[in-house]
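Student: I would like to go through the labels used for this model and see what each one rests on. Where do we start?

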Amino acid sequence: MVKAKRFILAKQFDGFPKDSDIQLVEVELPEIKDGEFLCEAVYLSVDPYMRAFSFSLKEGDVMYGQQVAKVIQTKNADYPVGTYVITEVIGLGWRSHFVSSEGVVTKLDHPEEIPLSQAMGVLGMVGMTAYFGFVDICQPKEGETVVVNGAAGAVGSLVGQIAKIKGCRVVGFAGSDDKVKYLKSLGFDEAFNYKTIDLDETLKKAAPNGVDIYFDNVGGKFSSIVRNHVNKYGRISQCGFISQYNLKEPDMLPCFDSVMVFKEIKCQGFLAESFSDRYPEGKKFMAEWYLKGKLKLDEHITEGFENMKKAFFELFTGANTGKALVKV
Ligand SMILES: NC(=O)c1ccc[n+]([C@@H]2O[C@H](COP(=O)([O-])OP(=O)(O)OC[C@H]3O[C@@H](n4cnc5c(N)ncnc54)[C@H](OP(=O)(O)O)[C@@H]3O)[C@@H](O)[C@H]2O)c1
């Protein structure tokens, strides 16, 4: 018998997630049957959607999340001990161990020369979000000015680097001076700590000819200012709105209608999953750029399954640079 640890939603979040909202429980897993295999978590992804989609969880449900796990017992010849598997993005969630029949589990197809953890990074959901959310939705052209916020995070840092690969001028915003230095090291043309600047004045100087593409991870007040700097025929990729996830009431913001119409701006929200039939294309480009050293994705690794909560809460205090992961 294997004892599995799980984190469940004990109480629906109300504002910023609290320690008591998520509870660690232990369950005894049944012996595996013919055709089944038992997996142990290796890396668990930590993502803002765990808060954004939490409304669809019931109290007592296991917290959403994706993980790379290893087969440790098997009665399935196709999944020998040692096989790496990956769960779905909103799948088995925060579990230390699980039996294959508990959810959708896929054999991991991952290039040997790329670290395993990047299966949930450059080649994972965040990589695909950056690739399709930027390349497909924004249709970047050489010389265009791109603004990206949440720029030192997983999606944002990849978007900025892809924009450079596409020959764009990139202006990034992140929440600390260290993150600003990091963005410069990644090749961002301009980078600013949004907590210490006047955004409107900064954009006048950093994007004097206006913004052609705005890749928005943050939403709220930040967006209401950037939108006024978007050029005619500009594109906005609405990827996330993390500034609003923990608010009890969303920000009430100035109306954007006239800017949209007169400047003929295209604004598209999206979910990466909608591009899943094209992931092989996205993975091909991301793997190629990664292996050629044209882009990188730093990892913010928290050690120990028990520290899932801490890693999750830290997303909202900006502790992470790059992809947040828990290593078991
Ligand atoms: N549409 C999709 O399919 C899809 C898929 C993946 C992710 N997303 C979205 O993309 C965004 C980035 O996700 P990620 O996984 O790459 O996370 P991430 O950027 O690695 O981590 C979150 C970062 O958000 C920033 N942040 C937190 N609270 C904030 C606030 N109130 N205002 C401004 N910034 C805040 C923090 O950085 P600072 O220090 O800079 O504040 C933090 O490090 C999120 O909005 C997420 O929901 C969307």
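Tutor: With the ligand. In this predicted model, the shell around the ligand divides into 17 nonpolar residues, nine polar and one charged.

Student: How do you know that the ligand lies between domain 1 and domain 2?

Tutor: Domain 1 (2-121 + 297-327) and domain 2 (125-273) both give residues to the shell, so the ligand lies between them.

Student: Which helix gives the most to that shell?

Tutor: Helix α2 does, with three residues. Both α2 (125-138) and α3 (154-165) supply at least two residues each.

Student: Why is the pair Asp136 and Arg278 called a salt bridge?

Tutor: The closest N and O atoms of Asp136 and Arg278 are 2.8 Å apart. The limit is 4 Å between a side-chain nitrogen of Lys or Arg and a carboxyl oxygen of Asp or Glu, so the pair counts. Asp136 is in helix α2 and Arg278 in the loop between β13 (266-269) and α8 (279-291), 142 residues apart, so the pair links distant parts of the chain.

Student: Why is Asp136 called partly exposed?

Tutor: Its relative accessible area is 25%. Buried would need under 20% and exposed over 50%, so Asp136 falls in between. Arg278, at 28%, is partly exposed as well.

Student: How do you know that Lys204 and Glu201 are about one helical turn apart?

Tutor: They are three residues apart in helix α5 (residues 199-206), which means a separation of about one turn.

Student: What makes Asp298 and Lys296 a salt bridge?

Tutor: Their closest N and O atoms are 3.5 Å apart, which is within 4 Å, so the pair counts. Elsewhere, salt bridges that share partners join Arg6, Arg95 and Glu102 into one network.

Student: How many salt bridges does the structure hold?

Tutor: The structure holds 21.

How values were computed. Residues numbered from 1 in each chain as written. Predicted model: local features only at pLDDT ≥ 70, side-chain atom pairs only at ≥ 80, totals over all residues. Heavy atoms only, no water. Helix = DSSP H or I, 4+ residues; strand = E, 2+ residues; numbered from the N terminus. Nonpolar A, V, L, I, M, F, W, Y, C, P; charged D, E, K, R; others polar. Domains from an automatic or database assignment. Buried < 20%, exposed > 50% of the residue type's maximum accessible area, 1.4 Å probe, protein only.
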